[in-house]
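Subject: Structure for you, with notes

Hello,

Here is the structure I promised to pass on. My notes follow below it.

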Amino acid sequence: MHNGTTITQFIIEEQRKIEGATGDFTSLLNDIVTACKVISNMVNKGELIGVLGSAGSENVQGETQKKLDILTNEVFLRSNEWAGHLSAMASEEMDEIYEIPGQYPRGKYLLTFDPLDGSSNTDVNVSVGTIFSILRCPGERVCPNLDAFMQPGVQQVAAGYALYGPSTMMVLTTGNGVNGFTLDQDIGEFILTHPDMTIPADTREFAINASNMRFWEAPVQRYVNECLAGTEGPRGEDFNMRWIASMVAEVHRILTRGGIFMYPVDDKMKATGTEGKLRLMYEANPMSFIVEQAGGASSTGRERIMEIAPKDLHQRVPVILGSKNEVERVVGYHAETAAEA
Ligand code: AHG
Ligand code: MN
Ligand code: MN
């Protein structure tokens with residue numbers, strides 16, 4: 001018999017604090033939670049149900065899709081289209097926005113998601129996740145159109161992720177701190193296990209794909225070189241390094257013990273006209289909201305991610321997030337480089 005707070009209870013109690021709340025938002029979050037439970041089960045069964053491997057198709061970013069990218073996208077659409085809370089959805093795995101079909105009522109919210117983050121890790125049985133963000137339709141009217149999605153991250157109503165690791169967890173913010181829930185598989189409920197998650201301001205652990213080092217800009221080169229120089233370098237301390245290639249897992253580690261995560265813009269991207277690897281609407285904005293709510297910081301190196309006015313649904317941005325003092329240091333290095341130039 002569990003006696004913890006379930007995520008449903010938690011969301012309903014949060015809703016009671018908001019005057020005039022209709023329960024629409026609570027119900028939407030519940031559908032998202034259900035979708036993540038279905039995905040958790042699918043990811044867990046893996047090859048037993050034949051879902052590993054490539055689907056042989058490409059998404060709008062030209063990335064090869066895994067079977068699980070497509071299946072998990074379907075799970076999210078089916079779980080969230082019917083209840084009448086949404087006008088439209090947008091996903092990393094779909095070229096266009098998904099308007100709620102005519103047979104269902106439409107509502108005042110928009111949902112964006114990365115159904116399976118870190119999907120290159122599925123075949124090797126390493127942690128993956130789902131990331132989502134909820135926006136309100138401008139003017140609170142029904143708004144099944146692309147323009148409605150073009151809102152900066154500061155306007156997010158809620159953001160969260162599910163992490164499919166040794167435990168399945170759900171981490172959620174509605175702009176009032178960050179809370180973590182662990183799925184109890186026996187009863188099928190997420191239980192509040194990590195209340196009020198906070199990121200320590202200082203860290204000695206960084207995460208970056210160092211195979212791109214030769215393409216990095218000067219400020220990122222400087223920061224990482226100083227970390228690598230350890231006690232003999234200007235930082236006077238040894239640093240540790242991690243790279244999981246699954247942003248959800250990296251952000252979760254940072255929420256648990258601090259750290260800095262970087263996927264910066266580099267010369268190779270610039271040569272092909274891209275500004276980053278990670279997607280603003282499905283990855284950068286929701287994760288920035290969570291990180292800031294936990295006391296961390298999130299920047300491109302030049303601007304706060306959540307203040308970027310989106311130009312394109314699938315826009316990519318540089319991402320530098322995590323422990324506040326380290327992120328501010330990297331931002332400072334960018335400013336110094338710009339001032340010298
Ligand atoms: P996705 O699987 O949704 O395409 O996202 C993968 C992302 C992110 O989770 C991770 O941090 C990064 O791409 C990994 O990039 P590298 O393959 O360059 O390490
Ligand atoms: Mn992703
Ligand atoms: Mn993905």
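Where is the place of Ala245? Ala245 sits in the loop between β12 and α5. Keep in mind that this is a predicted model. I flag Ala245 for its backbone: phi is positive, about 65°, although the residue is not a glycine. Most residues other than glycine have a negative phi. With a relative accessibility of 36%, Ala245 counts as partly exposed.

Look for Asp196 in the loop between β10 (189–194) and β11 (205–207). Its relative accessibility is 54%, over the 50% cut-off, so Asp196 counts as exposed.

Now the ligand site.

There are 18 residues around ligand 1. Asp117, Gly118, Trp243, Met247 and Tyr263 come nearest. By class, the shell holds 7 nonpolar, 4 polar and 7 charged residues. Both domains take part: domain 1 (7–194) and domain 2 (205–340) each give at least three residues to the shell. Three strands each supply at least two shell residues: β5 (109–117), β13 (260–263) and β14 (278–279). The largest share comes from β5, with 3 residues.

- Asp117: an N or O atom of the side chain is 2.7 Å from an oxygen atom of the ligand.
- Lys277: an N or O atom of the side chain is 3.4 Å from an oxygen atom of the ligand.
- Glu283: a polar side-chain atom lies 3.4 Å from an oxygen atom of the ligand.

How much of ligand 1 does the protein bury? Taken alone, ligand 1 exposes 470 Å², and the protein buries 84% of that.

Next, the aromatics.

A search of the whole structure gives 5 aromatic pairs. A pair of aromatic rings is described by the distance of the centres and the angle of the planes. I describe two of the pairs here.

One of them is Phe25 with Tyr109. The distance is 5.8 Å centre to centre, the planes are 45° apart, and the pair is tilted. Phe25 lies in helix α2 (residues 24–45) and Tyr109 in strand β5, so the pair ties together parts that are 84 residues apart in sequence. Are Phe25 and Tyr109 buried or exposed? Phe25 is buried, and Tyr109 is buried as well.

Another is Trp243 with Phe261. The ring centres are 5.5 Å apart. The planes meet at 10°, under the 30-degree cut-off, so this pair is stacked. Trp243 lies in the loop between β12 (240–242) and α5 (247–257), and Phe261 in strand β13. The pair therefore ties together parts that are 18 residues apart in sequence.

Which residues form one aromatic cluster? Trp243, Phe261 and Tyr263 do.

Best wishes

Key:
Residues numbered from 1 in each chain as written. Chains lettered and ligands numbered in written order. Predicted model: local features only at pLDDT ≥ 70, side-chain atom pairs only at ≥ 80, totals over all residues. Heavy atoms only, no water. Near = heavy atom within 4 Å. Polar contact = N/O pair within 3.5 Å; in protein donor to acceptor, adjacent residues only side chain to side chain. Areas by Shrake-Rupley, 256 points an atom, 1.4 Å probe, with all protein chains shown as cover. Helix = DSSP H or I, 4+ residues; strand = E, 2+ residues; numbered from the N terminus. Nonpolar A, V, L, I, M, F, W, Y, C, P; charged D, E, K, R; others polar. Domains from an automatic or database assignment. Phe/Tyr/Trp six-rings, centres within 6.5 Å; stacked < 30°, edge-to-face > 60°. Buried < 20%, exposed > 50% of the residue type's maximum accessible area, 1.4 Å probe, protein only.
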